[in-house]
Amino acid sequence: MGPPRGLALVLLACCCWCAGVAGHSDEFVDEYIDDPYNSTNLFANISNPEEALRCADLQLQYEAAPPANHCEPFFDKVLCWEHQPAGTLASQTCFAELNGVPYDNNGRNATRMCHPNATWDQTTNYSACMKDLANANDPGNLHTEVTSTIYYVGYTVSTIVLTVAVFIFSHFSELHCLRNRIHMNLMLAYIGADIVWILNMTVNVYLGHESTEFCIIFTVLLQYTLLTHFLWMFVEGLYLFTLVVMTFQQHSAKLPVYLVIGWGTPLVAVVAWVITRLVRPPPDQGEREGPQTCPWWQEHWADRIWIQAPCILVLVVNSIFLVFIMYVSILKRWCGLSTIILVVRVNLYRDLYS
C-alpha cells in the first residue's frame, strides 16, 4: 500500500517550496535590494501550509492534463495561483489570515502577471492587501491614535488661547510697548507651528492624502517655525539682558532689529537647509521606511548644521544671559538690603545719642 494521499501532497509541497527557494533565492535578494517594499520579499519567510497543500493538489491535476500555453500553478509562499492562460493578469482575493493575524480582505485583490511566454512574473502585487497590514490588530496603533488625538486637541486649544492673547496685546493701546510686541511675536511663532502641525495631521493622516510634495512643504514649514520659536526666545533673553544688565546703554536695539533676528534668521537657515538637501541628498534617499514616510524625514547631516546647531546655540546663549541676569538681580537686591541696614543703624545711633 502506498503512502496516504495527504502525506504525498505534503511531501510534494515541501519539494516544490525547496525548489522555489533554491531557484529564486538570489532573485528575492536582488528584488529586496532594489525594492524593499516588494510584497513578495516582505512575506518571503512566511509560509502558508493550507495554500501550499492546495497548490500541490493543483500541480498534480495540472501535470495530469497540462493545458497548452498556460502558466502552471504557483505558490508564492502566501497564496496559490492557479494555472492561467498566457498573457493574462491573474487576480484573487487577499488573504483573510496571515501568520496568525486576521485581515480584512473585503474587496481587496492580489494580482500576478502571467507573461505571454507562459511564465509567471517574479513578484506578486499585494499593494491592495498592504493597506491594512500595518493597522491590523496592532496594539501600538491604538496608542498612536490616542497620542495623535491628544496632540491634535492640545495644539488646537493652544492656537485658540494664543490667538486670544495676541488679540488682547494688539487691541489695547495701553499694552503697546517693545516688551509686549516681543511677546506677541513669540506667540505668533507658536501659533504658526500649531497651525502647520494641525494642517499636516489633517491632510496626511485624517484625509489620507499621502503626497510627497505636501509632506516636503509641511516639513520645511515645521522646521522654519521650530527655528522661529528658539530665535524669539533668544530675542526675549537678549531684551531682558539689555534691560537688566546693560541698564545704562544708550543705544538699545529697536523692534526692526528684533524682527530680523526672530523671523529673518530662521528663514536664512531653512533656505540653506533646503538647498543643502537638494544638492546633497542622503545616499538612501530612495529607500523608504514605511508607506507614509516622507523622504525629508530621513536624517541628514544638514539637519545638525542648519537646524539643530542654531537651537543648541540659542539655549547656550540664553543660559549665559540667565546667569548674568540672576547675578545682577541678586547684587542689586543685596545692595538694597545693605542700604536699608545702614539707614537703620544710623537711625538707631541718632536715637540713642540724641
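Of the 354 residues of the protein chain, 34% count as buried, a term that denotes a relative accessible area under 20%, with exposed meaning over 50% and partly exposed lying in between (1.4 Å probe, protein chains only). The model is predicted, so that local features are reported at pLDDT of at least 70 and side-chain atom pairs at pLDDT 80 or more, while totals for chains, interfaces and linings use all residues. Residues are numbered from 1 along each chain as its sequence is written, and side-chain values use heavy atoms, with hydrogens and water left out.

The protein chain contains 9 helices and 8 strands. These elements are DSSP runs numbered from the N terminus, a helix being H or I over at least four residues and a strand being E over at least two. A contact is defined by heavy atoms within 4.5 Å. Among contacts between residues at least 6 apart in sequence, 64% join residues at least 24 apart.

The unreviewed UniProt entry lists residues 150–172, 184–207, 227–248, 255–275 and 305–328 under "transmembrane region"; such annotations may be inferred rather than shown by experiment, and feature names are shortened, with positions in the numbering used here. In the model, residues 150–172 are 96% helix and 0% strand, with the end C-alpha atoms 33 Å apart. For residues 255–275 the figures are 100% helix and 0% strand, and the end C-alpha atoms are separated by 30 Å. I168 belongs to helix α5 (residues 139–171) and is partly exposed, its relative accessible area being 37%. Between the C-alpha atoms of I168 and M184, which are 16 residues apart along the chain, the distance is 9.8 Å.

Helix α7 (residues 212–244) and helix α8 (residues 255–279) have axes that come within 8 Å and cross at roughly 145 degrees. Axes are lines fitted to C-alpha atoms, for helices over the stretch in contact, and angles run from 0 to 180 degrees between N-to-C directions. The crossing of α7 with α8 is right-handed. The residues of this contact comprise 19 nonpolar, 6 polar and no charged; Ala, Val, Leu, Ile, Met, Phe, Trp, Tyr, Cys and Pro count as nonpolar, Asp, Glu, Lys and Arg as charged, and the others, Gly among them, as polar.

Aromatic rings of Phe, Tyr and Trp (its six-membered ring) pair if their centres lie within 6.5 Å, and planes under 30 degrees apart count as stacked, over 60 as edge-to-face and the rest as tilted. By this rule, 11 aromatic pairs are counted. The rings of F241 and F324 form an edge-to-face pair, because their planes stand at 85 degrees, with the centres 6.1 Å apart. This pair links distant parts of the chain, as F241 is in helix α7 and F324 in helix α9 (residues 301–353), 83 residues apart. F241 is buried at 14% relative accessible area, whereas F324 is partly exposed at 41%. One aromatic cluster is formed by F234, F241, F321 and F324.

T111, in strand β8 (residues 109–114), counts as buried at 18% relative accessibility. Leaving aside residues up to four places away in sequence, T111 touches W81, L89, A90, S91, T124 and N125. N69, in the loop between α3 (49–64) and β1 (70–71), is a residue other than glycine with a positive phi, near 55 degrees. K77, likewise not a glycine, has a positive phi of about 80 degrees. K77 is placed in the loop between β2 (74–75) and β3 (80–81) and counts as buried at 8% relative accessibility.

Notes:
A crossing is left-handed if the near helix is turned anticlockwise from the far one by less than a right angle, and right-handed if clockwise.
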